Amino acid sequence: ERCPGLQSVMFFGGDRLTDAAVIALAERCPGLQAVNFHACEELTDAAVIGLVEGCRGLQSVDFGGCPELTDAAVLALAELRQELLSVALCYFPEDLMLDVAVTKLAKQCPMLQSVDFEGCYVTDTSVTKLAEHCPRLQSVNFIGNDELTDAAVIALAKGCPQLQSVLFGRCELTDAAVVALAEGCKRLRVVNLMYWTKLTDAAVIALAEQCPALQSVDLGRCIQLTD
């Protein structure tokens, strides 16, 4: 009530925060542009829906680690349309398929620059739609998405040449995906390929030769690599 001009709030780890509080915040602070409710474990879809309805100018949202959320929350965020630049929804319930919701998010939010779906249940469909509709993407996190194949990463490399950070650790993909990234995304700075047990020296050489801006490369547990 006292701060109607708020533009950014962070409530990381607010275990006792409820939907009612988030809805009240949205009603009283319609100018919010960035919100972080990561690991606020009591929040449900109602909080996300209320936030979207009250704060139409939201650009950055983080509801990662909120286990009560469903795909309805993702569908609600899609209604922010061209305003939305960054979305973090990591660690949704493991059995919750998000492809339909992410497809809508990609189609309706073409200005997206950053997406974080670490540990979420998405397939090639989600990544391909992001590649098709969100050419401004600069950062993607799909760590632990073991449903993904090389085809998804290849599509991303072709559709999103501005990518600077790609996190695909524990995705168990192959050299073909890395070569596509090296050839299509010359601005890469951060790459995470940990636990890619099929990765070979050829892929790493491609990155080194074609991505001069690289600052960080995680190749932990890539057991095929040699000197």
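These are my notebook entries on a few places I looked up in this predicted model.

**Entry 1: salt bridges**

I began with charge pairs. Side chains of opposite charge can pair when their charged atoms come close. My search of the whole structure turned up 3 salt bridges.

I noted Glu79, Arg81 and Lys104 together as a network of salt bridges.

Are these residues buried or partly exposed? Glutamate 79 is partly exposed at 26% relative accessibility. Arginine 81 is partly exposed too, at 41%, and lysine 104 is partly exposed at 29%.

I then turned to lysine 129 and glutamate 132, whose side chains form a salt bridge at 3.7 Å, N to O. The two are 3 residues apart in helix H5, so about one helical turn separates them. Lysine 129 is partly exposed, with a relative accessible area of 24%.

**Entry 2: helix H4**

H4 runs over residues 99–108 and is mostly covered, with 7 of its 10 residues buried. Among the buried ones I wrote down Asp99, Val102, Leu105 and Gln108. What do the buried residues of H4 pack against? I found helix H3 (71–77), strand S4 (86–88) and helix H5 (124–133).

Aspartate 62 belongs to strand S3, residues 60–62. I saw that aspartate 62 is buried yet has no salt bridge. Its nearest side chain of opposite charge is arginine 170, 19 Å away. Leaving aside neighbours within four places in sequence, I listed its contacts as Val35, Asn36, Phe37, His38 and Ala88.

Glutamate 41 lies in the loop between strand S2 (34–36) and helix H2 (45–54), and is partly exposed at 41% relative accessible area.

**Entry 3: positive phi angles**

Which residues other than glycine did I note for a positive phi? One was alanine 39, with phi near 60°. Alanine 39 is in the loop between S2 and H2 and counts as buried at 18% relative accessibility, because the cut-off for buried is under 20%.

The other was arginine 170, with phi near 65°. I placed arginine 170 in the loop between strand S7 (165–167) and helix H7 (175–184), where it counts as partly exposed at 44%.

**Entry 4: two buried loop residues**

Glycine 169 lies in the loop between S7 and H7. Its relative accessible area is 0%, so I put it down as buried. Beyond four places in sequence, glycine 169 touches Phe142, Ile143, Gly144, Asn192, Leu193, Met194 and Trp196. From glycine 169 to aspartate 227 I noted 58 residues in sequence and 21 Å in space, C-alpha to C-alpha.

My last stop was asparagine 145, in the loop between strand S6 (139–141) and helix H6 (150–159). Asparagine 145 is buried, with a relative accessible area of 1%. Not counting residues up to four places away, its contacts include Phe117, Cys120, Tyr121 and Cys171.

How values were computed
Residues numbered from 1 in each chain as written. Predicted model: local features only at pLDDT ≥ 70, side-chain atom pairs only at ≥ 80, totals over all residues. Heavy atoms only, no water. Buried < 20%, exposed > 50% of the residue type's maximum accessible area, 1.4 Å probe, protein only. Helix = DSSP H or I, 4+ residues; strand = E, 2+ residues; numbered from the N terminus. Contact = heavy atoms within 4.5 Å. Lys, Arg positive; Asp, Glu negative; His and termini not counted. Salt bridge = Lys/Arg side-chain N within 4 Å of Asp/Glu carboxyl O.
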